[in-house]
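Please have a look at the structure shown here. Let's walk through some of its details together.

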Amino acid sequence: MIPGKETTVQKTNSPKEKDGSFELFDIEHFSRRILKNWYWFALMLLIGYCISWLYGKYYAQNIYASNLSLSVSNNTSSYFTPNQSINFIWGQGGNQDGIYLKKMLLSRSHNEFLVKELDLFVNYSTKGSIKSTYLDKDDSPVFMQIDKKHLQQLDYPITFIPKGGNTYEVILPEKDESTHLYSYEAEGFQNISSYKKTANKVIKVGEWFTSPNIKFRLLQNPTTPVIKLDNIIVNLKSVNQSVNEIVSTIGVEFDKEINSIMIITKTGFNLNGTVNFLNKSVSELQKKRMLDKMTVDKNTETYLQDNLTGVRKKLDSSATVLNYLKTSEKLYDIKDRDEKSLLKIKELEAKKADLTSKINSLNLIKNTIETQNFDKMISTNAAGFEDGMFSASVTELKALYLKRREMATIYTPNSEPMKEINRLINDAKLSSSNSLGAYYAGFNTEINKINQQVSEANADLDAYPEKERKYLDAERGYNMIEATYNSLLGRQNETKMRMATNQSDISVIDPAKNVGQSPIGPNVKGTKLLIIGGLLLIPLLFILIGELLDNKVRNIKELLSATKIPLLGVVGNNSNDNMLTVLDQPKSSVSEAFRGIRANMRFLSGENEKSKVVLITSSIGGEGKTYVSINLASVLGLSDKKTILLGMDLRKPKIFGDFKIDNKYGISNYLTGEVSIDQIINKTRIPNLDVATSGPIPPNPSELLMSKKNIQFLQELKEIYDFIIIDSPPVGLVADSYELMKYSDTNIYVVRHEYTEKYMLKMITEKYHNNEIENLGLVYNDYVIKQGYGYGYGYGYGYGYFDEDKNYKEPLLIKIRNKVQSIFNKK
């Protein structure tokens with residue numbers, strides 16, 4: 001430990017598996033690496049900004065949206081236009097009008113009609129130097145009219161270049177001619193034989209351009225477009241593809257306060273295109289609904305009139321019978337009549353007559369569906385109910401039957417398209433049948449209840465004589481026919497009233513309009529941020545991966561926390577060409593660091609012993625143990641302590657070179673008995689410092705170091721010197737140093753900054769905490785920091801105290817910090 005520092009390390013009995021274990025991730029060092037590599041982030045930021053700018057300027061296709069709001073009135077009458085205000089008693093409620101209209105707007109039949117009516121399978125665009133822009137049909141100076149009887153190639157962009165005088169050059173794609181062509185009449189694909197590509201040519205407006213894979217002509221736009229285009233690109237799509245794309249871009253919502261108001265939204269790449277489509281879609285829907293209402297109401301009026309005629313005849317016949325009984329049988333004045341029971345029976349039978357009439361109407365509707373005779377369809381009002389879901393299913397069924405008749409002229413009965421259309425028809429028939437079944441069940445349930453109540457009321461009339469009962473039965477029959485007649489008459493009057501006041505039940509509140517709406521997508525800003533963020537993430541990931549794979553010791557606090565071994569000192573980077581820093585630069589911060597280590601050594605073993613053996617080792621070579629040994633010995637020698645430096649790393653001798661000593665004879669020679677002790681001890685320019693070099697590399701260095709003669713050698717030196725500094729072999733490679741530690745008083749383990757691998761400290765840490773090694777301290781070597789101050793001596797510059805300060809340049813961040821502090825510290 002270092003006196004005066006808050007960070008202290010104490011020996012603990014921590015679990016063995018935690019001894020020498022470092023954290024997987026060092027956030028402090030990771031942050032420093034990010035700051036150190038700031039220029040990569042700056043470069044990625046610049047590249048990301050350029051890419052995002054190009055994306056927003058030339059590649060992002062804006063998506064626009066237009067809205068149309070309309071109101072669905074509650075006076076709908078026709079079978080095809082259900083009324084939300086009439087809710088059937090068996091649970092049919094809610095906004096039936098809105099649901100039906102929504103289904104119509106999103107239906108395939110409605111949008112397929114629009115695609116064919118407006119030629120929406122023809123797509124227009126124009127291309128600038130980089131970016132293509134989608135056009136509405138009205139934005140083009142000419143329209144492309146295809147010959148639907150001719151097979152056409154889809155996804156085959158054709159370019160028209162204006163040449164003046166209503167002429168255009170037709171430029172076909174360089175390649176991609178196909179023999180798989182599309183028929184707009186059959187709405188399917190057909191294969192043709194291979195053919196030679198047609199050459200590009202100039203055509204006039206109205207002139208047909210014919211090739212094996214396409215046939216069209218250009219028609220002049222009656223309205224002159226605002227923007228002059230250098231080119232027009234036309235691409236064809238199939239009807240099915242166009243319908244699917246359009247349906248996917250339509251949204252229908254209901255107003256939260258008034259659910260009869262609908263907001264229809266259309267998105268697309270061209271604002272004018274979305275506006276025109278919405279207005280046309282609603283306009284066509286209004287026409288269709290008006291036509292449907294007129295047809296169904298006329299059918300209903302005719303149906304009711306025919307029924308009234310028949311019921312009128314029955315009513316006249318029943319009245320004749322009743323009058324006969326009154327005059328011939330003298331039964332016009334029956335005494336003691338039970339008027340209450342008779343009135344109840346009359347009301348019940350009137351309800352039954354009305355329900356029976358509705359069932360008859362249901363039968364006609366059901367028969368019309370089964371026979372596919374939709375032109376004779378009557379309103380569901382005649383059957384006493386309104387159901388938007390049922391109406392929508394029948395409308396869809398009508399369109400499917402029509403579609404199947406068209407497809408039957410092209411496909412065989414067992415072909416896949418015919419199987420699919422038959423499946424859709426069966427689904428629609430099942431839906432409508434289930435709806436009718438529910439109403440049949442409801443009507444029959446009501447009739448059964450009425451029959452039960454009539455039966456109970458009849459029990460009160462059994463006491464009447466036979467003639468009087470005969471009269472009462474005739475009267476009841478007349479009343480039922482009369483009730484049926486009145487019911488039909490009332491529905492006929494309603495139908496005539498609706499026909500007289502017939503008007504569209506769809507009122508447009510706000511039509512779609514181009515008011516310069518901003519695009520709703522894509523999220524260019526978000527995409528730009530994503531591009532920049534993704535590029536900034538690249539160097540961050542590289543640094544992160546490097547940090548996770550980096551196993552070198554880089555943090556003093558982490559080192560102490562993991563090993564829990566005392567820190568004797570921190571030594572900065574050696575800027576000298578040799579290892580004699582203390583001798584050559586006595587006023588340097590590195591020299592001061594070694595003086596600090598000398599002072600802290602006493603905390604490991606005390607100062608009472610006469611002499612001390614200090615062993616210096618490390619994990620592997622290159623960590624600076626020899627450098628620390630030389631300079632620590634120099635500091636001790638300069639402090640009037642008689643010191644000897646022993647080069648006991650017999651495998652890799654080093655010390656002799658720095659002190660310019662001949663390594664012909666050294667410790668290895670002495671231990672083998674070749675020379676005496678006096679012959680291996682060399683004087684240095686420091687009077688109190690002697691050096692014994694390693695000598696020639698022996699074949700058995702471990703045996704020599706562990707020999708009794710080496711132990712005796714150390715004992716002899718202890719009698720002569722105050723300090724014996726041993727430069728020992730690295731413990732990560734050989735075990736010699738562990739054996740020598742048994743005879744040392746102080747053990748110093750050198751860890752080099754950003755060089756020593758973390759896992760190498762595992763063994764020394766475990767031995768220390770298992771009490772196999774005593775008096776162990778760490779020296780952190782080659783530590784460089786740029787902040788201007790640091791942890792201990794040996795690396796902090798900038799205060800004008802050490803020799804290095806004359807070349808010190810204060811970092812920019814420190815300058816800014818000091819300037820801010822000086823401002824706030826002013827009184």
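The paragraphs below go through salt bridges, a helix and a few backbone details. Keep in mind as you read that this is a predicted model.

Let's begin with charged side chains. Side chains of opposite charge can pair when their charged atoms come close. Across the whole structure, a search turns up 28 salt bridges. In helix α4 (residues 108-118), lysine 116 and glutamate 112 are 4 residues apart, which separates them by about one helical turn. An α-helix has 3.6 residues a turn, so residues three or four places apart point the same way. The side chains of lysine 116 and glutamate 112 meet in a salt bridge, at 3.1 Å from N to O. Glutamate 112 is buried, at 9% relative accessibility, whereas lysine 116 is partly exposed at 29%.

Helix α9 (residues 416-458) holds another such pair: glutamate 416 and lysine 419 lie 3 residues apart, about one turn of the helix. Their salt bridge spans 3.9 Å from N to O. Here glutamate 416 counts as exposed because its relative accessibility is 58%, and exposed means over 50%. Lysine 419, with a relative accessible area of 45%, is partly exposed.

In helix α14 (residues 589-600), arginine 595 and glutamate 592 are likewise 3 residues apart. The closest N and O atoms of this salt bridge are 3.1 Å apart. Both partners are partly exposed, arginine 595 at 23% relative accessibility and glutamate 592 at 25%. Salt bridges also join up into a network, which links Arg33, Glu547, Asp550, Arg554 and Glu754.

Now turn to helix α5 (residues 239-248). Which of its residues are buried? They are Val239, Ser242, Val243 and Ile246. These residues are on the same side of α5 because they cover an arc of only 100° around the axis.

Finally, the loops have some backbone details to look at. Asparagine 166, in the loop between β5 (158-162) and β6 (167-171), has a positive phi of about 55° although it is not a glycine. This asparagine 166 is partly exposed, at 47% relative accessibility. Aspartate 176 lies in the loop between β6 and β7 (180-183); aspartate 176 is not a glycine either, yet its phi is positive, about 75°. Its relative accessible area of 57% makes aspartate 176 exposed. Further along, glycine 521 and proline 522 are joined by a cis peptide bond, with omega about -5°. You will find proline 522 in the loop between β15 (506-510) and α11 (524-549).

Conventions. Residues are numbered from 1 along each chain as its sequence is written. This is a predicted model: local features need pLDDT of at least 70, side-chain atom pairs count only at pLDDT 80 or more; totals for chains, interfaces and linings use all residues. Side-chain values use heavy atoms; hydrogens and water are left out. Buried means under 20% relative accessible area, exposed over 50%, partly exposed in between (1.4 Å probe, protein chains only). Helices (H or I, at least four residues) and strands (E, at least two) are DSSP runs, numbered from the N terminus. The arc is that of the directions from the helix axis to the C-beta atoms. A salt bridge is a side-chain nitrogen of Lys or Arg within 4 Å of a carboxyl oxygen of Asp or Glu.
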